[in-house]
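These are my notebook entries on a single structure. I set down what I looked up, entry by entry.

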Amino acid sequence: MNRYDYIIVGSGIAGLYTALLAKEYGSVLIMTKGSIDDCNTKYAQGGIAAAIGKNDSPELHFQDTIAAGAGLCNEETVRILVEEAPDRIADLVKFGVPFDTLEGQIALTMEAAHSVPRILHAGGDATGEHIEITLSNRVRSSKIKVLEDCLATEILIERGRVKGVKTLDCHTGSTEEIECRFLILATGGGGQLFKFNTNSAIATGDGIALAFNAASEIADMEFFQFHPTALRLPGVTPFLISEAVRGEGGILRNVNGERFMQSYTPDGDLAPRDIVARSILYEMKKTGADKVYIDVRHLPHHLITTRFPHIYRFCLDHSLDITQDLIPVAPAAHYMMGGVKVNIWGETNIAGLFAAGETACTGVHGANRLASNSLLEVLVFSKRILEKTSKEKRTRAPLLKQSTEVHYNLSQRKAVRAMPKPSLSTLQQLMWDKVGIIRNKEGLSEAADILATWQNSLPEPTDRPSHELSNLVLTGRLVTEAALLREESRGGHFRSDFPESSPQWQRHIIFTAK
Ligand SMILES: Cc1cc2nc3c(=O)[nH]c(=O)nc-3n(C[C@H](O)[C@H](O)[C@H](O)COP(=O)(O)OP(=O)(O)OC[C@H]3O[C@@H](n4cnc5c(N)ncnc54)[C@H](O)[C@@H]3O)c2cc1C
């Protein structure tokens, strides 16, 4: 059996960046279930937040992040996030990420719910692609071993500590056990839970399922961010129309051409994502349409094509010239705020097991992520994993404060007899209809029963699609059960039967396997 100091599962920004740091401290293996560049990271458009501008400060960034998190951010981790941000940006610059500049300085743009321009970007709206290409080229030219088409299927534990990981070769179907001192889950999010989503096909909640099955704590799963504006064209997978488009002056209009955001909130087009997403849904219902529009026709042609070359080109490829045409959009699932619960060193409740990136829950996002904080979170907390593992003596920091947690196991549910067969599309439809942007007890209970029945009836997974479906069903159960428990509305979680926030629920829902 092979043995490494570090095994990293995933090759998005979290996996690649952590691997590049880890190689200074020992042997490293990256395994990834597709090719190295298959990930959500490469689709990130808007950019990465950091308080490096003249009129900005970590304190302002702290306040904006806390405000977006709707009372559930972990203040200690947010403080770390905003204070360590400038150094981590400097690391990316050193690795060669070509951030856009203006008059010799890194250019900063505005995004919703940030009080000042603080978003760094690369290639206009191709930030994620530049980060992914730069880091994957670095990994390729280093001595780091990369196993592509290699699916992690089980975390191996021995005497309460991580021993390694079981894998499946997606081509040959052969399985293997590989040992390590430290296992780092960098498996990304779970956007594929929902029919309409902006995520890559890899986002199937694998890290959540792997960690839950190994008895890790899973936190805040009810908080899923729905992006208000994904392209809605028949037959075209939802493609993100970045918030930065509204940041630069884009205007939301209903199908009758009327502006509407001001009638829902004084923040108008730049209100937080959950408010804009729900307002769009209400407006779609009111007008009987399946979309609204973003209007950028009043912006200079040159600004659109240089600041949003990716979006401009993608739309043009679908016969839409956004300098002249309205952009049809609707909300889509985008980002998983919850995840594998980690402390300020990225450490889970299992010795030797760490989580980084979208699969982790550091507590910085609380109930709602501030735009462009997720790429930053990856950098800050991945670096801390290395600080921790390279000095093993450091004592374990506590996870989130106990007084703010409520712990649960997944409850038994009655089996449902008449229901659709489990498949990716039936699961995505169920989650979109019953566990989507606007939830209620009836829909959530129905979904919870169906998901539990599916979980008990799925055959043992044998290949990548069947493992992914099984992981999605379990992840979907965690989202649904948490959403059912939280009888209030807060951040990304909205219950039409409990539309207000309740002080009683200023706490985190944590699930652990029995
Ligand atoms: C369209 C879009 C735009 C976005 N824009 C922004 C933005 O502007 N700013 C921002 O901060 N954030 C943005 N985000 C969010 C951000 O991109 C992600 O949160 C971040 O890239 C996640 O990085 P990651 O490394 O954790 O996961 P990913 O980049 O998704 O990588 C996960 C990796 O894990 C691998 N993997 C998964 N399961 C397994 C398994 N079982 N075995 C082996 N390998 C596995 C995958 O193949 C993949 O390589 C955006 C997201 C999307 C979808």
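**Entry 1: nonpolar cores.** I note at the outset that this is a predicted model. I looked up the largest nonpolar core and found that it has 63 residues. Ile7, Met31, Leu183 and Leu478 touch the most other members of this core. Its largest share, nine residues, is contributed by helix α13, which spans residues 464-485.

**Entry 2: methionine 31.** I then listed the contacts of methionine 31, leaving out residues up to four places away in sequence. Among them are Ile7, Ile8, Val9 and Gly10, and also Leu147, Cys150 and Ala152.

Entry 3: I checked the span of α13: its 22 residues reach 32 Å from the first C-alpha to the last, close to the 32 Å expected at 1.5 Å a residue. Of these 22 residues, 17 are buried, so α13 is largely enclosed by the rest of the structure. Arginine 486 lies in the loop between α13 and β21 (508-511). Is arginine 486 buried or exposed? I found a relative accessible area of 0%, so arginine 486 is buried. Setting aside residues up to four places away in sequence, arginine 486 touches Leu72, Glu222, Phe223, His493, Arg495, Trp505, Arg507, His508 and Ile509.

**Entry 4: helix α5.** I looked at α5, residues 206-213, and found seven of its eight residues buried. The buried residues include Asp206, Gly207, Ile208 and Ala209, and Leu210, Ala211 and Phe212 are buried as well. Just after α5, alanine 215 takes a positive phi of about 75 degrees.

**Entry 5: the ligand site.** How many residues surround the ligand? I found 38, and the closest are Asp38, Thr41, Gly47, Glu358 and Ser374. A polar side-chain atom of threonine 32 lies 3.1 Å from a ligand oxygen atom. For asparagine 40, a polar backbone atom is 2.9 Å from an oxygen atom of the ligand. For threonine 41, an N or O atom in the side chain is 2.5 Å from a ligand oxygen atom. On its own the ligand has 1000 Å² of accessible area, and the protein covers 99% of that. The elements giving two or more residues to the shell around the ligand are α1 (13-22), β9 (150-158), β16 (327-336) and α10 (373-389).

**Entry 6: serine 374.** I followed up one of the residues closest to the ligand, serine 374, which is found in helix α10. Serine 374 counts as buried because its relative accessibility is 13%, against a cut-off of under 20%. Its side chain makes a polar contact of 2.5 Å with the side chain of arginine 369. Beyond its neighbours within four places in sequence, serine 374 is in contact with Tyr335, His365 and Arg369. Serine 374 and isoleucine 48 are 326 residues apart in sequence, yet their C-alpha atoms are 7.6 Å apart in space.

**Entry 7: histidine 114.** I located histidine 114 in the loop between β6 (108-109) and β7 (119-120). At 3% relative accessibility, histidine 114 counts as buried. Not counting residues up to four places away in sequence, histidine 114 touches Ala49, Asp64, Ile119, Leu370 and Ala371.

Key
Residues are numbered from 1 along each chain as its sequence is written. This is a predicted model: local features need pLDDT of at least 70, side-chain atom pairs count only at pLDDT 80 or more; totals for chains, interfaces and linings use all residues. Side-chain values use heavy atoms; hydrogens and water are left out. A nonpolar core is a set of buried Ala, Val, Leu, Ile, Met, Phe, Trp, Tyr and Cys residues joined through side-chain atoms within 4.5 Å. Buried means under 20% relative accessible area, exposed over 50%, partly exposed in between (1.4 Å probe, protein chains only). Helices (H or I, at least four residues) and strands (E, at least two) are DSSP runs, numbered from the N terminus. Contact means heavy atoms within 4.5 Å. The expected span of a helix is 1.5 Å times one less than its number of residues. A residue is near a molecule or strand if one of its heavy atoms lies within 4 Å of it. A polar contact is a pair of N or O atoms within 3.5 Å; within protein, one must be able to donate a hydrogen and the other to accept it, and residues adjacent in sequence count only if both atoms are side-chain atoms. Accessible areas come from the Shrake-Rupley method with a 1.4 Å probe; for residues, only the protein chains shown count as cover.
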